[in-house]
Amino acid sequence: MNEQVRRRPDGCPRPLSEAYDTALLDLDGVVYAGGRALAHAVESLTVARGGGMHLAYVTNNAARTPQAVADQLSGFGLPTGADDVITSAQAVARLISEQVPAGARVLAVGGEGLWVALRERGLEPVRSADDDPAAVVQGFDPTLDWERLAEAAYAVQRGVPWFASNTDLTIPKERGIAPGNGALVEVVRVAAGGSPQVAGKPQPPMHRETVLRTGARRPLVIGDRLDTDIEGAHNGEVDSLLVLTGVTTPAELLAAPPRHRPAYVAADLRGLLAPQPEVTDDDGGFRCGGWRAEAAGDALTVTGEGTPLDGLRALCAAAWTAAGDGSCGADAGKALERIGV
């Protein structure tokens with residue numbers, strides 16, 4: 001990744017699936033939403049894998065085991081082994097194991113995936129703050145109840161080291177956007193104070209876990225969230241592709257600060273199979289395809305015609321250049337309507 005502040009999306013003359021050896025794919029909002037595969041995801045990933053790209057699935061959702069995730073992906077028509085799945089539960093279990101004695105008890109407030117990951121690291125998960133835990137860890141669990149959150153709060157109040165698999169506030173589901181593990185962490189924070197050590201994206205422990213397990217040499221992070229997937233790629237100094245199938249809107253992308261700016265942007269995973277068009281300077285503005293964008297006063301403007309994604313790329317260049325090292329505050333509403341996104 002370029003060490004300079006990114007002012008525009010990158011171009012790539014080859015399909016991204018050929019330019020990078022490993023795709024580090026987020027799941028929720030990228031490959032599936034809840035129990036259904038997203039449009040074009042299975043077909044695109046099948047073609048990418050057939051061309052020699054290694055597919056690794058990297059998720060902040062700590063609720064399920066890697067095998068359970070692999071089985072779901074295989075059911076969608078994407079043959080996947082447990083070794084192809086890296087979870088924030090694995091990353092936080094490694095982080096805890098480096099700070100507590102071998103065999104230590106850990107108060108685990110989360111689903112099966114978290115318990116399995118802790119045992120994989122030789123730790124003993126327990127359910128009560130009265131079990132003398134050496135650490136307390138929270139991971140997403142859709143069945144979580146008040147009693148288990150209260151146990152976490154009791155342990156944190158007693159000074160037990162606190163960890164969280166991730167702090168995503170929301171999670172995409174079939175019916176809409178639902179509360180994520182970060183919302184549950186906030187419940188404990190309100191009751192007990194303090195802040196946990198966090199392992200999941202965008203924090204470095206997750207990137208380290210991913211590289212250790214995949215052996216990727218030239219990875220491409222693919223995600224739908226600026227504050228986890230794209231920032232995680234930034235922290236790991238690798239390139240990223242944002243797909244607009246999850247929580248991030250085009251307006252949020254235009255307002256992104258430097259750590260949230262992806263190298264590439266696509267509507268969905270079909271973007272993995274295509275070259276990325278170059279964004280060029282054009283007399284004070286920026287051009288991509290048939291569109292020309294510029295920042296004029298307190299608004300972004302765009303003229304021309306072409307594919308909506310080319311217009312969005314040109315607008316990104318105008319917004320990010322105008323913002324410099326900060327977040328662009330220019331009004332983009334009319335420009336986004338003009339390009340049709």
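This note goes through some local features of a predicted model, point by point.

1. **Ground rules.** Residues are numbered from 1 along each chain as its sequence is written. Because the model is predicted, local features need pLDDT of at least 70 and side-chain atom pairs count only at pLDDT 80 or more, while totals for chains, interfaces and linings use all residues; side-chain values use heavy atoms, with hydrogens and water left out. Helices (H or I, at least four residues) and strands (E, at least two) are DSSP runs, numbered from the N terminus.

2. **Strand β1.** This strand covers residues 22-25. In general, side chains in a regular strand alternate between the two faces of the sheet. Thr 22 and Leu 24 are on one side of β1, and Ala 23 and Leu 25 are on the other. All four are buried. Buried means under 20% relative accessible area, exposed means over 50%, and partly exposed lies in between (1.4 Å probe, protein chains only).

3. **Partners of β1.** Two strands pair if DSSP finds at least two bridges between them. β1 pairs with β4 (residues 54-59) in the parallel sense, over four bridges. Leu 24 stands opposite Ala 56 there. β1 also pairs with β13 (residues 219-223), again parallel and over four bridges. Thr 22 has Pro 219 as its bridge partner in β13.

4. **Ser 88.** Look for Ser 88 in helix α4, residues 88-97. Its relative accessible area is 0%, so Ser 88 is buried. A polar atom of its side chain lies 2.7 Å from the backbone oxygen of Asn 60. That is a polar contact, which is a pair of N or O atoms within 3.5 Å; within protein, one must be able to donate a hydrogen and the other to accept it, and residues adjacent in sequence count only if both atoms are side-chain atoms. Contact in general means heavy atoms within 4.5 Å. Leaving aside residues up to four places away in sequence, Ser 88 touches Thr 59, Asn 61, Ser 165, Gly 200 and Met 206, among others.

5. **Cavities.** The structure holds three cavities of 30 Å³ or more. A cavity is a set of points, on a 1 Å grid over the protein atoms alone, where a 1.4 Å probe fits but cannot get out; lining residues have an atom within 4 Å of a point. Grid points are joined across faces, edges and corners, and a volume is the space filled by probe spheres set on the points. The largest cavity has a volume of about 160 Å³. It is lined by 17 residues. Asp 28, Asn 60, Asn 61, Asp 168 and Ile 171 lie nearest its centre. β10 (170-173) and α9 (226-236) each supply at least two lining residues. β10 gives the most, with three.

6. **Leu 226.** This residue belongs to helix α9. Its relative accessible area is 9%, so Leu 226 is buried. Among the residues that Leu 226 touches, not counting those up to four places away in sequence, are Leu 242, Thr 248, Leu 253 and His 260. Leu 226 and Pro 262 are 36 residues apart in sequence, but their C-alpha atoms are 8.0 Å apart in space.

7. **Helix α11.** The helix has 16 residues, 308-323. The expected span is 1.5 Å times one less than the number of residues. That gives 22 Å, and the end C-alpha atoms are 22 Å apart, which agrees. Twelve of the 16 residues are buried. Among them are Leu 309, Asp 310, Arg 313, Cys 316 and Trp 320. The buried residues pack against elements including α10 (250-254), β18 (291-296) and α12 (333-339). Just after α11, Gly 324 takes a positive phi of about 65°.

8. **Backbone points to check.** His 40 is not a glycine, yet has a positive phi of about 75°. It sits in the loop between β3 (36-37) and α2 (41-50). At 30% relative accessible area, His 40 is partly exposed. Asp 132 is not a glycine either, and its positive phi is about 55°. Its loop runs between β7 (124-126) and β8 (135-138). Asp 132 is exposed, at 65%. A cis peptide bond joins Lys 201 and Pro 202, with omega about 10°. Pro 202 lies in the loop between β12 (197-198) and α8 (204-214).

Key:
1 Å grid on protein atoms, 1.4 Å probe; cavity = no way out; pocket = protein on both sides within 12 Å on 5 of 7 lines; lining within 4 Å.
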